[in-house]
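Here is a short briefing on helix packing and loop geometry. Keep the coordinates open while reading.

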Amino acid sequence: MTLLICVFAAVICTAKWYTSRDKGLCLAPLCFMYWGASIMWLVDAIFEYAELHADYFTPAPADMLNDAFLGFSVIALGLIIWIIILLIRDPRGTVQAALSKKSK
């Protein structure tokens with residue numbers, strides 16, 4: 001479930017990055033984070049399948065729920081990191097303008 005959630009997030013983010021004309025969004029780090037997480041979960045799934053074989057495809061509902069929570073928390077953490085990167089880089093200068101307006 002975590003693999004599926006991360007792959008969907010990576011594909012959506014990559015499609016938005018590819019079609020976006022606005023370069024101020026800095027979507028590349030977000031894409032890299034989600035694709036990296038997807039690769040990590042793919043390797044985890046391969047090793048878990050090697051261990052469980054056919055039982056891998058019949059997880060308990062509690063395990064699926066835990067995996068879904070983990071997947072959504074990875075997406076949320078990636079978004080938080082992306083927002084911090086966006087605030088630090090400040091591609092449009094909005095944060096700097098807001099701070100200089102308050103200091104006057």
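Predicted model: local features only at pLDDT ≥ 70, side-chain atom pairs only at ≥ 80, totals over all residues.

Helix α3 covers residues 61-89, while α1 covers 2-19 and α2 covers 27-52. The buried residues of α3 pack against both α1 and α2. Two packed helices are described by the angle between their axes and the distance between the axes.

**α1 with α2**

- The axes of α1 and α2 come within 8 Å and cross at roughly 155°.
- An angle over 145 degrees counts as roughly antiparallel, and α1 and α2 are therefore roughly antiparallel to each other.
- Their crossing is left-handed.
- From α1, the contact uses Thr2, Leu3, Cys6, Val7, Ala9, Ala10, Val11, Cys13, Thr14, Lys16 and Trp17.
- From α2, the partners are Leu27, Ala28, Leu30, Cys31, Tyr34, Trp35, Ala37, Ser38, Trp41, Leu42 and Ala45.
- Sorted by class, this contact of α1 with α2 holds 18 nonpolar, 3 polar and 1 charged residues.

**α2 with α3**

- α2 and α3 pack at an angle of about 155°, and their axes are 9 Å apart.
- That angle makes α2 roughly antiparallel to α3.
- The crossing of α2 past α3 is right-handed.
- On the α2 side, the contact is made by Leu27, Pro29, Leu30, Met33, Tyr34, Ala37 and Trp41.
- On the α3 side, it is made by Leu70, Val74, Ile75, Gly78, Leu79, Ile81, Trp82, Ile85 and Arg89.
- The residues of this contact of α2 with α3 divide into 14 nonpolar, 1 polar and 1 charged.

**α1 with α3**

- The axes of α1 and α3 come within 8 Å and cross at roughly 30°.
- Angles under 35 degrees count as roughly parallel, so α1 and α3 are roughly parallel to each other.
- α1 passes α3 in a right-handed crossing.
- Thr2, Ile5, Cys6 and Ala9 of α1 meet Asp67, Ala68, Leu70, Gly71, Phe72, Val74 and Ile75 of α3.
- The class count for this contact of α1 with α3 is 8 nonpolar, 2 polar and 1 charged residues.

**Helix α3 by itself**

- Ala68, Gly71, Ile75, Gly78 and Trp82 of α3 are buried.
- Asp90 follows α3 and has a positive phi, near 45°.

**Loop between α1 and α2**

- Asp22 sits in the loop between α1 and α2.
- Asp22 has 30% relative accessibility, so it counts as partly exposed.
- Asp22 and Ala45 are 23 residues apart along the chain, and their C-alpha atoms are separated by 36 Å.
- Cys26 also lies in the loop between α1 and α2.
- Is Cys26 buried or exposed? Buried means under 20% relative accessible area, and Cys26 is buried because its value is 13%.
- Cys26 is not a glycine, yet its phi is positive, about 50°.

**Loop between α2 and α3**

- His53 lies in the loop between α2 and α3.
- The phi of His53 is positive, about 55°, although His53 is not a glycine.
- His53 has a relative accessible area of 48%, so it is partly exposed.

Methods: Residues numbered from 1 in each chain as written. Heavy atoms only, no water. Helix = DSSP H or I, 4+ residues; strand = E, 2+ residues; numbered from the N terminus. Expected span 1.5 Å × (residues − 1). Buried < 20%, exposed > 50% of the residue type's maximum accessible area, 1.4 Å probe, protein only. Contact = heavy atoms within 4.5 Å. Axes fitted to C-alpha atoms, helices over the stretch in contact; angles between N-to-C directions. Parallel < 35°, antiparallel > 145°, perpendicular 65-115°, else oblique. Left-handed = near helix turned anticlockwise from the far one by under 90°. Nonpolar A, V, L, I, M, F, W, Y, C, P; charged D, E, K, R; others polar.
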